[in-house]
Amino acid sequence: VRTVQVSFKSSNINFESYATLKLQGASSLEYPKKNYNINFFKDKNLEDKYKVNFKWGNYSKYTLKANWLDPTHTRNLVASDIAGDINAKYGYFKGTPNNGVIDGFPLEVYVNGKFHGIYTLNLHKEYMFDDGSGRDYILISTDGNFFFMYDSVVEDGNWSNFEVEVGEENDETLAKLNRLLTFINTSTGDEFKRDLEKYFDLDSLINYYCYVRYADLIDSVSNNLFFLTYDGEIWYTVFYDLDISFGYTWFENNHYDDDRAYYMDSLKLWRKLALFYPDHIAVRYEELRNDIFTNEYINNKFYEFYKLIPESSFQLENQKWLNRPVYKIETVDEFLNKRTPVIDKVINNLKTDNYDEVYKEFSKYDLDSKDNNNKKGIKVIVVIICCILLMSLILIGALVSRRRKLNSKVLNM
């Protein structure tokens, strides 16, 4: 943690303060240009917080994002804003700064008078759900692969696989988390369908599923999986850190891979959701395709943000930071044109009247369900019957063959 003096200048907000800078992120720490959490203070001793209202409320803690993988500086915030639009459409997280997702704006950062780079100053995740009510909530981030693998945190024995972002990391929180884990990983198909809404807000899950599929938010399936609860019983999915989206991955190359359409379904929660709520997903996706999930809507969102950054700033950035990954604003439209038809087909196939076509993809995975889908059970019964018939034919053939041999021996005596 470093203490620095800060001077902020814009068309409508100007101030000077002290601040602490702390590196932020995980894999992004490996990149040359770093992310930082920044806390503003009025005094050098860092005793009196300096709260500034950029547009979301009076807060002292923010995040400076370097956006190393995205030279356009658009993806994380625009993808988050679209997620906020989805939340708003269905009435989630009313009264929060940006409908339950982060928000931010681009700015130039100078260090000792020298240009250091374009950054975005983002609302810190601690404030995403500040609706002014003061009610408590728990916000947990976890590795998705871990979350859908173990029946409890205790069973895994590794608390490092999840983090309490807001709330207390104590036995009470652990019990609430384990209750959720146990349901996800041990519920049969019948139990999942019957009891899901005792554990999750169903519409929240379906919205999450649709957007992850549509925008290829693969990091939101694994590293950046967030859950929120107000009462410790019902959990909501949360979108956070969406820089891996709309045609780009951490592999630092343009990526439209259509073959990953079934990626989510290798994990228990999403697999069960698609198997037992297929029509819910299909209907919700069609609703979103009518307004938010359109090329025009998405492209307009990206270009509006992109135009906030002057060309002169991009020139300075390119001179300062060489060998940046290549990602152009036009990539968004390319991605949508290639991926959308594929995902349209995938979601349409989830409908029960089209389900045979997609079921074979799900059946590759063990559902850990007693019913394991009736179609799979029928297939098993057919296989058993065929085996019995085959064994019967073999037995009859052996008896006929034996009788012929006996008859032959009698005749030769």
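Let me start with a term: a residue counts as buried under 20% relative accessible area, exposed over 50%, and partly exposed in between. Take glutamate 287. Its relative accessibility is 30%, so glutamate 287 counts as partly exposed. Keep that scale in mind. One caution as well: this is a predicted model.

Let's stay with glutamate 287. Its side chain meets that of arginine 284 in a salt bridge, at 3.2 Å from N to O. Where are the two residues? Both lie in helix α8, residues 278–289. They sit three residues apart, which is about one turn of the helix. Arginine 284 has a relative accessible area of 10%, so arginine 284 is buried.

How many salt bridges does a search of the whole structure find? It finds 21. I'll show two others.

First, lysine 61 and glutamate 126. Their side chains meet in a salt bridge at 3.1 Å, N to O. Lysine 61 lies in strand β4, residues 61–65, while glutamate 126 lies in the loop between β6 and β7. Those parts are 65 residues apart in sequence, so the pair ties them together. Lysine 61 is at 18% relative accessibility, so lysine 61 counts as buried. Glutamate 126 has a relative accessible area of 32%, which makes that residue partly exposed.

Next, glutamate 317 and arginine 324. Their closest N and O atoms are 2.7 Å apart, and the two form a salt bridge. Are they buried or exposed? Both are buried. There is a third member here.

Now to the nonpolar parts. The largest nonpolar core has 89 residues. Which residues have the most contacts inside it? They are Phe200, Tyr211, Phe246, Trp270 and Leu273. Helix α6 supplies the largest share of this core, with 10 residues. A second, separate core has 21 residues, including Phe15, Ala19, Leu121 and Tyr127.

Setting aside neighbours within four places in sequence, leucine 273 is in contact with Phe192, Leu196, Leu202, Leu205, Ile206, Tyr209, Pro278 and Ile281.

Helix α6 covers residues 202–215, and helix α7 covers residues 268–276. Their axes come within 11 Å and cross at roughly 100 degrees. Angles of 65 to 115 degrees count as roughly perpendicular, so α6 and α7 are roughly perpendicular to each other. Who makes the contact? From α6 come Leu202, Leu205, Ile206, Tyr208 and Tyr209. From α7 come Leu269, Trp270, Leu273 and Ala274. By class, that contact has nine nonpolar residues, with no polar and no charged ones.

Last stop: phenylalanine 227. You'll find it in strand β9, residues 225–229. Its relative accessibility is 0%, so phenylalanine 227 counts as buried. What does phenylalanine 227 touch, not counting residues up to four places away in sequence? The list is Ile138, Leu139, Ile140, Phe147, Phe200, Trp235, Tyr236, Thr237, Val238 and Leu269. Pick out leucine 139. Phenylalanine 227 and leucine 139 are 88 residues apart along the chain, yet their C-alpha atoms are separated by 5.8 Å.

Find that pair in the structure above, and then look for the crossing of α6 and α7.

Methods. Residues numbered from 1 in each chain as written. Predicted model: local features only at pLDDT ≥ 70, side-chain atom pairs only at ≥ 80, totals over all residues. Heavy atoms only, no water. Axes fitted to C-alpha atoms, helices over the stretch in contact; angles between N-to-C directions. Helix = DSSP H or I, 4+ residues; strand = E, 2+ residues; numbered from the N terminus. Parallel < 35°, antiparallel > 145°, perpendicular 65-115°, else oblique. Contact = heavy atoms within 4.5 Å. Nonpolar A, V, L, I, M, F, W, Y, C, P; charged D, E, K, R; others polar. Buried < 20%, exposed > 50% of the residue type's maximum accessible area, 1.4 Å probe, protein only. Salt bridge = Lys/Arg side-chain N within 4 Å of Asp/Glu carboxyl O. Core = buried A, V, L, I, M, F, W, Y, C linked by side-chain atoms within 4.5 Å.
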